Amino acid sequence: MTNSIFETIKNNITRLFIFYVPEILYDFIQDSIYRDIVPKQDINTVAFMDRDRKTSVDPARFEKYTLLEKSAVFEENVFVLLDAKEALGNTQFEHLFLKYWEHLDSFTMLSQWMHDNIHECIHLPSETIVELFAIQRQLFEDHRSIILQKYGNPKTRERIKKFTDNIKAQMASPNFKVTVPKLHAPTPPIKKSPKPRKKKTELITDEEVDKMLLETVFNVLY
C-alpha cells in the first residue's frame, strides 16, 4: 500500500512538467533522483511532460493554461498524504513522507535552477518560455510551502546538497556548453504579389484609321 501511494504522489511531481537538460549534465543526472525524467533524445532542448508523463518537444504543447493545471495535481498529493496519515501507522507515514519530501525538495530546487539559468543555457529564449519556467517555479515553491506548513521541516538530505554542489561545479567548468535551440513561432507563409497584367497592344491607331478613310474613301493623300 505504501509503495503504491508513493508511486502516485512521486509521479504527480513530474506530470505537466517543462524542463531542459544540457548535454554536459546528462550522464551526471543518471546517477541522481532525476534519472527517470530525461529520455536521451530530449537533451539540449526544451521538453514538456504531459499528464501521462509522456515527453514532447513540440513547442505547440507549451501552453500556459495547461501548466497551470499542475496546481490541481499538487492539491491531489496534499489529499493523498492526508488520507495516508490517517490510514498508516506513524512509522510508515514518516517513511512515506520523507521519501516524498526528498523528491519534492529536489524538483523544487531543479525548477528554481532551470528558471534562474535559462538565459545562460538557452540562446535568446522566447518570452513565453521564460514565463512558463517562472510559473512552474512558483507552483513548486507554493506546494513545498504548503507541505512544510502541514508536516514541518524534515531534515535536509545530504545527497540533495551534494547534488546542488555538483551542478554548480559543472556550470563553472570551462567545458560547459549548451546547444539548446531557440524555439521559433511558426513562420507565416509569404504572400506572392500578383503579376501585373500586360497592357494589350492596340491593333490599329486612330491616326491610321483617319489615314485609311481619307485615302480610300475621299481619295485624299494623308
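Let's start with Gln136 and its contacts. Leaving aside neighbours within four places in sequence, Gln136 is in contact with Leu16, Phe17, Ile18, Leu67, Ser111 and Met114. Please keep in mind, as you look along with me, that this is a predicted model. Gln136 lies in helix H7, and its relative accessible area is 0%, so Gln136 is buried. What does the side chain of Gln136 reach at 2.8 Å? It is the backbone oxygen of Ile18.

So let's move over to Ile18. Again setting aside residues up to four places away in sequence, Ile18 touches Val46, Ala47, Phe48, Phe62, Leu67, Met114, Ile129, Leu132, Phe133 and Gln136. You'll see that Gln136 is on that list too.

Ile18 also belongs to the largest nonpolar core, which has 52 residues. Which members touch the most other members of this core? They are Phe17, Ile18, Tyr20, Leu96 and Ile147. Several elements give two or more residues to the core: helix H1 (2-13), strand S1 (17-20), helix H2 (23-29), strand S2 (46-49), helix H4 (70-87), helix H5 (90-116), helix H6 (118-121) and helix H7 (127-151). Of these, H5 gives the most, with 11 residues.

Now for the rings. How many aromatic pairs does a search of the whole structure find? The search finds 12. One of them is Tyr20 with Phe133, an edge-to-face pair at 5.4 Å centre to centre, with 75 degrees between the planes. Since Tyr20 lies in strand S1 and Phe133 in helix H7, this pair ties together parts that are 113 residues apart in sequence. Are these two buried or exposed? Tyr20 has 2% relative accessibility, so Tyr20 counts as buried. Phe133, with a relative accessible area of 0%, is buried as well.

Here is another pair to find on your screen: Tyr34 and Phe107. Their ring centres are 4.9 Å apart and their planes stand at 85 degrees, so this pair is edge-to-face. Tyr34 sits in the loop between H2 and S2, while Phe107 is in helix H5, and the two are 73 residues apart, which makes this a link between distant parts of the chain. Tyr34 counts as buried at 2% relative accessibility, and Phe107 counts as buried at 4%.

Both of those rings belong to one aromatic cluster, formed by Phe17, Phe19, Tyr34, Phe74, Phe107 and Phe140. Elsewhere, Lys99 lies over the face of Phe6, at 4.1 Å from the ring centre.

Let me zoom out to the whole protein. There are 9 helices and 3 strands, and read along the sequence they follow the pattern α-β-α-β-β-α-α-α-α-α-α-α. Of the 222 residues, 39% count as buried. Among contacts between residues at least 6 apart in sequence, 74% join residues at least 24 apart.

Finally, a word on confidence. The protein averages a pLDDT of 80, and 71% of the residues score at least 70. Where is confidence lowest, and where is it highest? The lowest is helix H9 (residues 206-216), at a mean of 60, and the highest is H4, at 95. Where pLDDT is low, the predicted coordinates should not be read in detail.

How values were computed: Residues numbered from 1 in each chain as written. Heavy atoms only, no water. Core = buried A, V, L, I, M, F, W, Y, C linked by side-chain atoms within 4.5 Å. Buried < 20%, exposed > 50% of the residue type's maximum accessible area, 1.4 Å probe, protein only. Helix = DSSP H or I, 4+ residues; strand = E, 2+ residues; numbered from the N terminus. Contact = heavy atoms within 4.5 Å. Phe/Tyr/Trp six-rings, centres within 6.5 Å; stacked < 30°, edge-to-face > 60°. Lys NZ or Arg CZ within 6 Å of the ring centre and 35° of its normal. pLDDT = per-residue confidence, 0-100. Polar contact = N/O pair within 3.5 Å; in protein donor to acceptor, adjacent residues only side chain to side chain.
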